Amino acid sequence: MSEKVEVYTDGACKGNPGRGGWGAVLVYKGAERELWGGERQTTNNRMELMAAIQALAALKRSCEVKLVTDSEYVMRGIQEWMPNWKKRGWKTAAKQPVKNADLWQLLDEQVNRHQVEWQWVRGHNGHPGNERADMLANRGVSELV
């Protein structure tokens with residue numbers, strides 16, 4: 001039986017593109033771990049993806065993961081768009097390169113290590129896990145030197 005982990009992720013950007021940060025809260029058997037980081041020149045979508053990638057990568061073995069995000073971009077990308085992107089060699093229906101394909105491919109690798117159940121929540125709506133992930137994402141921005 002695999003381990004069950006709850007993960008809350010969020011991205012933030014000051015200017016889009018601009019200085020960005022990502023944050024994640026991992027909850028396992030009541031223990032919590034916070035992760036965050038930032039990049040000088042990025043976009044909000046890239047930070048949303050990075051939060052999910054870093055959270056899943058932090059898990060040392062295969063787990064059952066409930067990943068909670070406020071990013072419709074991440075949710076729709078992973079659940080609706082990615083299968084066709086892969087079939088088309090990471091091209092959109094309009095035969096254009098997929099934006100952020102580098103990060104989508106990293107996310108795909110991490111998702112394949114785990115059993116991931118995706119859940120969307122409205123951002124900035126008082127959801128405790130999402131609010132903490134948002135705080136960590138903003139910390140990632142503020143700690144950029």
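Two strands count as paired if DSSP finds at least two bridges between them, and with that in mind, β2 and β3 form a hairpin with two residues between them. Here is a friendly tour of this predicted model, in which local features need pLDDT of at least 70, side-chain atom pairs count only at pLDDT 80 or more, and totals for chains, interfaces and linings use all residues. Residues are numbered from 1 along each chain as its sequence is written, and side-chain values use heavy atoms, with hydrogens and water left out. Helices (H or I, at least four residues) and strands (E, at least two) are DSSP runs, numbered from the N terminus.

**The sheet**

- Five strands make up an open, mixed sheet, and their order is β3-β2-β1-β4-β5.
- At the edges sit β3 (31-42) and β5 (115-120), each of which pairs on one side only.
- From one strand to the next, the twist averages 20°; axes here are lines fitted to C-alpha atoms, for helices over the stretch in contact, and angles run from 0 to 180 degrees between N-to-C directions.

**Strand pairs**

- β2 and β3 run antiparallel and are joined by ten bridges.
- Within this pairing, Trp-22 stands opposite Gly-37 in β3.
- In the turn of the β2-β3 hairpin, Lys-29 has a positive phi of about 50°.
- β4 (residues 63-69) pairs with β5 in the parallel sense, over six bridges.
- Leu-67 has Trp-118 in β5 as its bridge partner.

**Helices on the sheet**

- Helix α1 (residues 44-57) lies across β1 (3-14), β2 (18-28), β3, β4 and β5, and runs at about 155° to β1.
- Helix α2 (residues 72-87) also packs on the sheet, touching β4 and β5, where contact means heavy atoms within 4.5 Å.
- The direction of α2 makes about 140° with that of β5.

**Cysteines**

- A search of the whole structure turns up zero disulfides (pairs of cysteine sulfur atoms within 2.5 Å).
- Cys-13 is buried, at a relative accessible area of 18%, and Cys-63 is buried too, at 6%.
- Buried means under 20% relative accessible area, exposed over 50%, and partly exposed in between (1.4 Å probe, protein chains only).
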